[in-house]
Amino acid sequence: MPTHTSPEALYRHSLRLLLDKDIAGWVGLWAEDGVMEFPFAPPGWPGRLEGRDAIAAYMRDYPDHIDLHDFPDLRIHRTTSPQTIVVEMRGVGRLVETGAPFDMTYIAVVSAQDGHFTSYRDYWNPLAVQQPGLDFAGDGAR
């Protein structure tokens, strides 16, 4: 039986795992056939990751590039579908390579079923990848 039965609870738990740099735990929250999309991905960056393995490969080195400290301004909105939420938040921390501050605003449309993410559309700012040290996608994911 999944511990996090609502999409809201699952999402909040996922943020805690990211702050703890537990990428394996975060990836474990995904359905085997889950899909992560980046509608605003710039050229050379993935626009769609299909399956838990692809998502794991994309996120593997995330903590080596971004040291997240907090997710302030978190707002989770329910939708007419009980399985889907819309999330507004900021991720703040620092870029590991340069020590520069990291502050990104996100909007995500997230769906979950049976305690696992099934779909995650991440509307992040593509201009941010122009900062040195933010290229965490690695050669294998792009």
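**Reading contacts, rings and the core**

Tutor: Leaving aside neighbours within four places in sequence, S119 is in contact with V35, V109, V110 and S111. Bear in mind throughout that this is a predicted model.

Student: Where does S119 sit, and does it count as buried or exposed?

Tutor: S119 belongs to strand β7, which covers residues 116-123. Its relative accessibility is 17%, and because the cut-off for burial is under 20%, S119 counts as buried.

Student: How would G25 be classed on that scale?

Tutor: G25, which lies in helix α2 (residues 23-27), has a relative accessibility of 24% and therefore counts as partly exposed. G25 and S14 are eleven residues apart in sequence, and their C-alpha atoms are 8.3 Å apart in space.

Student: Let us turn to the aromatic rings; how many aromatic pairs does the structure hold?

Tutor: There are ten aromatic pairs in the structure. In one of them, the ring centres of W30 and Y120 are 6.2 Å apart and the planes stand at 35°, so the pair is tilted. W30 lies in strand β1 (residues 30-37) and Y120 in strand β7, so this pair ties together parts that are 90 residues apart in sequence. Both W30 and Y120 are buried.

Student: How is the pair of F38 and Y58 arranged, and which parts of the chain does that pair link?

Tutor: The ring centres of F38 and Y58 are 5.1 Å apart with the planes at 40°, so this pair is tilted. It links distant parts of the chain, since F38 is in the loop between β1 and β2 (48-50) whereas Y58 is in helix α3 (residues 52-59), 20 residues apart. F38 and Y58 are both buried.

Student: Which residues do ring pairs link into a cluster?

Tutor: Ring pairs join Y11, W26, W30, F117 and Y120 into a cluster.

Student: What is the general idea behind a nonpolar core, and which residues have the most contacts inside the largest one here?

Tutor: In soluble globular proteins, nonpolar side chains tend to be buried together. In this model the largest nonpolar core has 36 residues, and those with the most contacts inside it are Y11, W26, M36, L68, V87 and V110. Elements that give two or more residues to this core include α1 (7-19), β3 (66-70), β5 (84-95) and β6 (101-113).

Student: Which residues does Y11 touch?

Tutor: Not counting residues up to four places away in sequence, Y11 touches L74, I76, I85, V87, M89, V110, F117 and Y120.

Methods:
Residues are numbered from 1 along each chain as its sequence is written. This is a predicted model: local features need pLDDT of at least 70, side-chain atom pairs count only at pLDDT 80 or more; totals for chains, interfaces and linings use all residues. Side-chain values use heavy atoms; hydrogens and water are left out. Helices (H or I, at least four residues) and strands (E, at least two) are DSSP runs, numbered from the N terminus. Buried means under 20% relative accessible area, exposed over 50%, partly exposed in between (1.4 Å probe, protein chains only). Contact means heavy atoms within 4.5 Å. Rings of Phe, Tyr and Trp (its six-membered ring) pair if their centres lie within 6.5 Å; planes under 30 degrees apart count as stacked, over 60 as edge-to-face and the rest as tilted. A nonpolar core is a set of buried Ala, Val, Leu, Ile, Met, Phe, Trp, Tyr and Cys residues joined through side-chain atoms within 4.5 Å.
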